[in-house]
Amino acid sequence: MRTYTASAIVLRRIDLGEKDRILTIYAREQGKLSAVAKGARRPGSKLAGASEPFTYSRMFLSTGRDLDLLTQADIKESFPNVKQSMAGIAYAVYMMELTNSFVDERQPNPELFDTLLSAMYVLESGTDPEITARYYEMGLLAVLGYEPHFETCLRCGKKVGRKKVAFSPALGGIVCNECGVPPNDTIWVPGAIVSYLRALKNAEPQNLKDMKFPQGALRDLAAMLRWHIRYRLEHELKSVDFIDAVAQFDPNTP
Ligand SMILES: [Zn+2]
């Protein structure tokens, strides 16, 4: 048995038996891994708080035969403001699920870890959860090499105007409406989306709180990025449905 420490955020947790939990954590230096938090569901357990979804901790682990064991954790950030609203929780859970879906076990990617943690702090600062989610999607896609090409048309290389443009996940970017038959996996979005994508890409995290996007632009960005992510993952994420459900009854959801 070997012991090690990890700076990690909880992507998801499932109950194990009566008292324990299995955590899927994303660790900065070790990547994604699963660990058992023994007794985490007992009242007063020292591991209870640290095993909450999207909590960021310094963790002490030991290697086990099958799963590693979480032995101790010092919580660095539990994101209390995020937990104040259903929308905050829903989008945080979505960002965890998105990360979980894109990364393989034991494949460290400190840059992606930092991007995720930064997005969680953006959410904690009171930034619109929807803008935060789009910002994180763009960051994740960029780190993983899947950033959509949007500054110019992929076929003719010209800058796109305000007319509708075709976004093709298979091509990985935008094709203008003058370039003939669009690819058949196309989703049509207004040309104005380019300026919003650029704003998200270049935003300093601390400035996102003051950014305002028209409702229509947020809807288009969500549709386009969801379409792109779905193509990359080859499936829809569960928490997308959850977010749609929350949006129907929480007045705080943008
Ligand atoms: Zn073109």
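**View 1. Helix H1 meets helix H2 in this predicted model.** On the H1 side, look for Gly88, Tyr91, Ala92, Met95 and Thr99. Their partners in H2 are Leu116, Ala119, Met120 and Leu123. Sort the residues of this contact by type and you get seven nonpolar, two polar and no charged.

**View 2. How H1 and H2 lie against each other.** Angles over 145 degrees count as roughly antiparallel, so that's what we call H1 and H2.

**View 3. An open sheet built from three strands.** Read across it and the order is S7-S6-S8, with antiparallel pairing. Strand S7 (173-175) and strand S8 (187-190) are the edges, since each pairs on one side only. On average, neighbouring strands here are turned by 45° against each other, ignoring direction.

**View 4. Strand S6, strand S8 and a helix packed on the sheet.** S6 (residues 164-168) and S8 pair in the antiparallel sense over four bridges. One to find: Lys164 has Pro190 in S8 as its bridge partner. Helix H5 (residues 215-233) packs on this sheet and touches S6 and S8. The direction of H5 makes about 150° with that of S8.

View 5. Thr71 is partly exposed, because 15 other C-beta atoms sit within 10 Å. Beyond its neighbours within four places in sequence, Thr71 is in contact with Phe60, Leu61 and Ser62.

How values were computed: Residues are numbered from 1 along each chain as its sequence is written. This is a predicted model: local features need pLDDT of at least 70, side-chain atom pairs count only at pLDDT 80 or more; totals for chains, interfaces and linings use all residues. A residue is buried if 20 or more other C-beta atoms lie within 10 Å of its own, exposed if 12 or fewer, and partly exposed in between; C-beta atoms are placed from the backbone. Two residues are in contact if their C-beta atoms, placed from the backbone, lie within 7 Å. Axes are lines fitted to C-alpha atoms, for helices over the stretch in contact, and angles run from 0 to 180 degrees between N-to-C directions. Helices (H or I, at least four residues) and strands (E, at least two) are DSSP runs, numbered from the N terminus. Angles under 35 degrees count as roughly parallel, over 145 as roughly antiparallel, 65 to 115 as roughly perpendicular and the rest as oblique. Ala, Val, Leu, Ile, Met, Phe, Trp, Tyr, Cys and Pro count as nonpolar, Asp, Glu, Lys and Arg as charged, and the others, Gly among them, as polar. Two strands pair if DSSP finds at least two bridges between them.
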